[in-house]
Amino acid sequence: MNYFLQLHRLSLRFDCFLEQWGVSVLALVLRIFVAWQFLKAGWIKLGDWELTLSLFREEYMVPFLSPELAAVMGAGGELFFPLLLIIGVFSRPAALGLFAVNAMAVISYPQLWQFECPAAINDHFYWGLLLLVLMMVGPGKFSLDQRIKTNMVSI
């Protein structure tokens with residue numbers, strides 16, 4: 001029984017290490033990975049703004065918004081929220097903002113559901129799931145949010 005308790009105590013120490021550092025490393029990797037996916041899309045939209053406007057006028061059916069406003073908000077969200085995620089400031093609101101951008105992309109582009117390649121829609125589901133994970137676990141130790149939180153506690 002004593003051996004079992006010692007083994008369990010060692011396991012708890014490892015669990016504590018994973019909670020403190022493993023989750024933080026994972027959160028950093030997820031933040032960078034998801035942010036990069038959206039940054040690329042935003043840069044492409046900015047790279048050919050006339051094509052972007054044309055897509056929002058003819059293919060993307062964003063409800064309740066004019067195509068021009070939807071294009072600005074979509075590209076803006078794809079560029080602004082990832083920057084917040086990468087540096088780790090306002091990380092949970094940024095993840096929520098990107099989740100909304102991602103959800104709007106799925107809602108407003110019904111062709112995603114009809115492509116022969118299921119990766120088109122699956123990528124959006126993966127990104128949404130990763131953003132939900134970031135909203136739940138937070139940005140981790142390697143973020144400005146954590147630095148600000150630590151400084152606020154010491155004040």
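A salt bridge here is a side-chain nitrogen of Lys or Arg within 4 Å of a carboxyl oxygen of Asp or Glu. The model is predicted, so local features need pLDDT of at least 70 and side-chain atom pairs count only at pLDDT 80 or more, while totals for chains, interfaces and linings use all residues. Residues are numbered from 1 along each chain as its sequence is written, and side-chain values use heavy atoms, with hydrogens and water left out.

**Stop 1: the salt bridges**

By that rule there are two salt bridges. Select arginine 57 and glutamate 68, whose side chains meet in one of them (3.0 Å, N to O). Arginine 57 is in helix α2 and glutamate 68 in helix α3, so the pair ties together parts eleven residues apart in sequence. Helices are DSSP runs (H or I, at least four residues), numbered from the N terminus. Arginine 57 is partly exposed at 43% relative accessibility, and glutamate 68 is partly exposed at 34%. The scale is: buried under 20% relative accessible area, exposed over 50%, partly exposed in between (1.4 Å probe, protein chains only).

Next, select lysine 45 and glutamate 78, which form a salt bridge at 2.9 Å, N to O. Lysine 45 belongs to helix α1 and glutamate 78 to helix α3, so this pair ties together parts 33 residues apart in sequence. Both lysine 45 and glutamate 78 are buried.

**Stop 2: helix α2**

Select residues 49-58, where Thr52, Leu53 and Phe56 are buried. They cover an arc of only 95 degrees around the axis, which puts them on the same side of α2; the arc is that of the directions from the helix axis to the C-beta atoms. Glu50 and Glu58 are exposed on the other side of α2. The cover over the buried residues of α2 includes α1 and α3.

**Stop 3: two loop phenylalanines**

Phenylalanine 64 sits in the loop between α2 and α3. Its phi is positive, about 70 degrees, although phenylalanine 64 is not a glycine. Phenylalanine 64 is exposed, at 86% relative accessibility. Then go to phenylalanine 90, in the loop between α3 and α4. Phenylalanine 90 also has a positive phi, about 50 degrees, and is exposed at 55% relative accessibility.

**Stop 4: helix α5**

Select residues 119-137. At 1.5 Å a residue, the 19 residues of α5 should span 27 Å, and its end C-alpha atoms are 26 Å apart, which agrees. The expected span is 1.5 Å times one less than the number of residues.

Which residues of α5 are buried? They are Ile121, His124, Trp127, Gly128, Leu131, Leu134 and Met135. They cover an arc of only 140 degrees around the axis, which puts them on the same side of α5. The buried residues pack against α1 (2-47), α3 (67-87) and α4 (91-108). On the face turned away from the buried side, Tyr126, Leu129 and Met136 are exposed. Glycine 138 follows α5 and has a positive phi, near 85 degrees.

**Stop 5: asparagine 102**

Asparagine 102 lies in helix α4 and is buried, with a relative accessible area of 4%. Not counting residues up to four places away in sequence, asparagine 102 touches Phe38, His124, Trp127 and Gly128 (contact means heavy atoms within 4.5 Å).
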